[in-house]
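Work through the exercises below with the sequence and the model open. Each task is followed by a worked solution.

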Amino acid sequence: MNASMTTNRRVLSGMRPTGQLHLGNYHGALRNWVDLQYQYECFFFVADWHALTTGYEDTSKLEEHVWQMVIDWLGAGLNPSACTMFIQSHVPEHAELHLLLSMITPLGWLERVPTYKDQVEQLRDRDLSTYGFLGYPLLQSADILIYRPQYVPVGEDQVAHVEITREVARRFNHIYGREPEFEQKATKAVKQLGSKNGELYGQLRRKYQEQGDGEALARARALIEGNARLTIADRERLLGFLEGTGRSILPEPQVLLTSTPKVPGLDGRKMSKSYGNTIGLREDTDSVAKKLKTMQTDPARARRTDPGDPEKCPVWDLHKVYSDEPTQQWVQVGCRSAGIGCLECKKPLIDKVVAEIGTIRKRAQEFEESPEIVRGIIAEGTERARESARATMIEVREAVGLQYR
Ligand code: TRP
Ligand code: SF4
């Protein structure tokens, strides 16, 4: 991939500040971000406003959670010279776009998002019959669309939110991207691509519109975005013409599905802060070892001589995340034949987890000791993010008809 392609492929994702991260968060998202920062232009942010949608009553820990999470990110290897890190509420343009999108978003779209009813059910101890909570996915749409990224890396649980983001973008472009003689202007813009690329654009557009070919869509987009000579207006026309809307002021992003291995908690349920079954990303060695030693195993192995079944044991799920093939074989055979004991089985795992966490803790230490460095990284990231958000908002205001002075 050449440099211009890399810079033109933007990735955006966010995380709610839930306090210190654990191994589930790491393997479910963060580890992936660390890889992505070297492949794309990446924007990663702390979704502190989103934390308020469910945690509006007690905000006393919010600030601490925000900074602790940033330190976790840095410890895990997010590198401020490779990606842009910032805090949502430091870029108030997100809120402005959220407001404008709220004008065109049918209530039914929000009510039908599957996570909505689920969450209201699950968090029954809180009153979530609020405007902000219903609007959660729309705020997320604003977070995304304001940076016009190609990709949004998320796990399965967030796919519906990116889906609604695409619908909202399409609706916005449909309503505000209309202009007189759009087709003629778009055709003229195709000529700006030059004859070879113009022809390629035409072919890819046909492939996408007639066969729904997503690969063709991505290639045509790259073609447009890689062309530095196009005016912004022509770029938006070509994107919109490609997708069959008006001018594409807010291009539709795509999901970059993160494969999320099952990371069990100490009790065998999914690792989650609300279950109190986590291993922290910066936890000290003794505590990690102790937790793993007492971690739930297959109950059939009450005695050392009782054979077990790894499929019924959460420790095995961890081996799948951490252990190489020979070790996994050793576990399979040893467990089923009672050739190894559970403590023995856990030993290589403990070594791996302790080493991983040790690296993270060590990297995090310098940031723990110098909060001003962390604040500096965020301040710089915020400036970069804001510049991009501001540019989008100028166009959005103009498209909506708010450009009067
Ligand atoms: N809702 C996401 C989560 O809970 C966090 C989030 C907020 C986000 N805004 C986003 C993720 C924008 C991706 C893009 O994990
Ligand atoms: Fe689980 Fe390993 Fe014990 Fe088998 S031997 S029950 S896989 S901990």
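The exercises cover the domains, one interface, a ligand site and the salt bridges.

This is a predicted model, in which local features need pLDDT of at least 70 and side-chain atom pairs count only at pLDDT 80 or more, while totals for chains, interfaces and linings use all residues. Residues are numbered from 1 along each chain as its sequence is written, chains are lettered from A and ligands numbered from 1 in the order in which they are written, and side-chain values use heavy atoms, with hydrogens and water left out.

**Exercise 1.** Describe the interface of domain 1 and domain 3 by its residues and its buried area.

Solution. The contact (heavy atoms within 4.5 Å) takes 16 residues from domain 1 and twelve residues from domain 3.

Step 1: about 1,200 Å² is buried between domain 1 and domain 3, 57% of it on carbon and sulfur atoms. Buried area is the accessible area (1.4 Å probe) that two parts lose on being put together, summed over both. Of the area that domain 1 buries against domain 3, 36% comes from Leu23, Ile71 and Gly75, more than from any other three residues.

Step 2: the rule finds one salt bridge across this interface (a side-chain nitrogen of Lys or Arg within 4 Å of a carboxyl oxygen of Asp or Glu). Arg282 and Asp72 also meet through their side chains in a salt bridge, at 2.6 Å from N to O.

**Exercise 2.** Which residues are closest to ligand 1, and how many surround it?

Solution. Step 1: ligand 1 is surrounded by 14 residues (a heavy atom within 4 Å), the closest being Arg16, Tyr136, Gln140, Asp143 and Gln158.

Step 1: take the distances from a nitrogen atom of ligand 1 to a side-chain N or O atom. The distance is 2.7 Å for Tyr136, 3.0 Å for Gln140 and 2.8 Å for Asp143.

Terms used: A polar contact is a pair of N or O atoms within 3.5 Å; within protein, one must be able to donate a hydrogen and the other to accept it, and residues adjacent in sequence count only if both atoms are side-chain atoms.
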